[in-house]
Amino acid sequence: MARGCADGWCGRFVQRHQSQLNFALLVVSYILYLIVGAGIFSAIEQPYERELRQELKAARRDFLRNNTCVSDARLEELLARALEASNYGVSVLGNESSHNWDFVSSLFFTSTVLTTTGYGHTVPLSDGGKAFCIFYSIFGIPVTLFFLSLVVQRTIVLVTRRPVSYFHRRWAMSKSKLAAIHATCLAIIVALLFLLIPAWIFSSAEKDWDFLESLYFCFISLTTIGLGDYVPGETHSKEKNPHPQLYRLAITIYLILGLVCVLVVLETCCELPQMRRLRHRFYHEDVRELDSETTNIIDRDHMSDHLTDPSDHVTDHHPPAIPSVLEQAASLRKDSKSPPYNSSSGSPVNGTLR
C-alpha cells in the first residue's frame with residue numbers, strides 16, 4: 001500500500017516537473033561532456049607538451065654550450081623579448097618585408113574581430129588601437145550579428161523552405177522526413193564546398209600545412225573558434241605566391257561566405273520538426289503553452305488571409321471583428337483536447353517547417 005502510494009506520488013511529481021527534470025539532466029550531461037573532453041585532451045596532449053619542453057631545454061643547453069660568449073641571462077632576456085613580440089604578431093624569423101597592418105591585413109583583422117573568430121595572431125600594439133578596438137567592437141559585433149541573421153533568414157527561404165515546400169507538394173512526402181533529408185544533403189554540400197575543397201587548396205598553397213592541418217584550420221575558422229595556431233599567409237612563401245595581399249583578401253571573403261553557409265545549415269537543422277519536438281521537452285510549461293498557442297494563432301491568421309475574398313474588403317466598409325490574442329488562446333485551450341498531431345501529415349502542432 002505504502003509502496004503504491006510512493007510510486008504514485010513519484011509518478012505525479014515527475015509528470016508535473018517533467019521539463020525541469022529534463023533541463024537538469026541536460027545540464028548534468030553537458031557538465032559531464034566538458035569533463036570527459038578535458039580528460040581526453042589532457043591524456044592526448046600532455047605527453048606531446050612534455051616532449052616539446054624537453055626538446056626546448058636540450059636545444060637551449062646545446063646553444064649555450066656551443067656559444068660560450070652568450071650568457072644564460074642574456075639569452076633568457078632575448079627569448080622573452082622575442083616571445084612578447086610574437087604575441088603581438090611580430091616575428092623575427094626573416095619576415096622583415098611582411099606587415100600586419102597594411103590595409104588588406106587590417107581588413108582581415110576587422111573581419112575576425114566582428115565575426116568573433118579572433119585568431120589572436122595580430123593584436124593592436126598601441127593604447128589608441130586597443131581603445132578603438134573596444135569602441136569598434138561594441139557597435140560592430142551587434143551590427144554583424146544582425147547582418148548575419150538577416151542574410152541567413154533570406155538565404156534559408158531560398159535554399160530550405162521553398163525547396164522543402166516544393167518537393168512536399170510534388171512528391172506528397174512527409175514534411176518531417178523531407179526536411180531531414182534536405183538538411184542532410186545541405187550539410188554534405190556545405191562540408192564539401194567550404195571544408196574539404198578549401199582544405200585541399202590550403203594544403204597546396206601553404207607549404208607547411210598538410211591536409212589535416214588545413215581541414216583543422218577551416219573547421220576552427222568557420223565555427224568561429226579561432227584558436228590562432230594556424231593562420232594562412234603567415235608562413236607563406238613570396239616566391240610561391242607573388243600576390244600575398246590578394247591571397248589574404250580571398251581568405252577574408254571565404255571566411256565570411258563560409259560562416260554564412262554554416263549558419264544556414266545550423267538554422268536549417270534547428271527548424272527540423274524533430275529538433276522542435278526535442279526543444280519542446282525542455283520548455284517551461286508556460287512557455288511551452290504560449291509557444292504552441294502563438295504558433296497556432298499565427299497559422300490561423302495566415303489561413304484566414306488566404307480564405308478571405310478580396311472583394312469583401314471593397315464592399316464592406318465596417319472593420320472586421322478580430323478576436324484578441326487572449327480569446328484565441330482560450331479557444332485553443334478548449335481545442336487542446338483534440339489530438340495535436342496528425343501522423344499522416346507528419347507536422348507537429350507548434351508549426352511546420354516553412
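In this predicted model, the axes of helix 7 (residues 211-222) and helix 8 (residues 244-270) come within 9 Å and cross at roughly 65 degrees. Helix 7 and helix 8 are therefore roughly perpendicular to each other, a class that covers angles of 65 to 115 degrees. The crossing is right-handed. Helix 7 brings C218, S221 and L222 to the contact, and helix 8 brings Y254, L255, G258, L259 and V262, where contact means heavy atoms within 4.5 Å. Sorted by class, the residues in this contact are six nonpolar, two polar and no charged.

Residue numbers start from 1 along each chain as its sequence is written. Local features need pLDDT of at least 70, side-chain atom pairs count only at pLDDT 80 or more, totals for chains, interfaces and linings use all residues, and side-chain values use heavy atoms, leaving out hydrogens and water.

Turning to the aromatic rings, there are 14 aromatic pairs, taken as rings of Phe, Tyr and Trp (its six-membered ring) with centres within 6.5 Å. W101 and F109 form an edge-to-face pair (planes over 60 degrees apart), at 5.0 Å centre to centre and 70 degrees between the planes. F109 is buried at 13% relative accessible area, buried being under 20%, while W101 is partly exposed at 37%, between that limit and the 50% above which a residue is exposed.

W209 and Y230 are also edge-to-face, with centres 5.5 Å apart and planes at 85 degrees. This pair links distant parts of the chain, 21 residues apart: W209 lies in the loop between helix 6 (175-205) and helix 7, and Y230 in the loop between helix 7 and helix 8. W209 is buried at 8% relative accessibility, whereas Y230 is partly exposed at 23%.

Key:
Axes fitted to C-alpha atoms, helices over the stretch in contact; angles between N-to-C directions. Helix = DSSP H or I, 4+ residues; strand = E, 2+ residues; numbered from the N terminus. Parallel < 35°, antiparallel > 145°, perpendicular 65-115°, else oblique. Left-handed = near helix turned anticlockwise from the far one by under 90°. Nonpolar A, V, L, I, M, F, W, Y, C, P; charged D, E, K, R; others polar. Phe/Tyr/Trp six-rings, centres within 6.5 Å; stacked < 30°, edge-to-face > 60°. Buried < 20%, exposed > 50% of the residue type's maximum accessible area, 1.4 Å probe, protein only.
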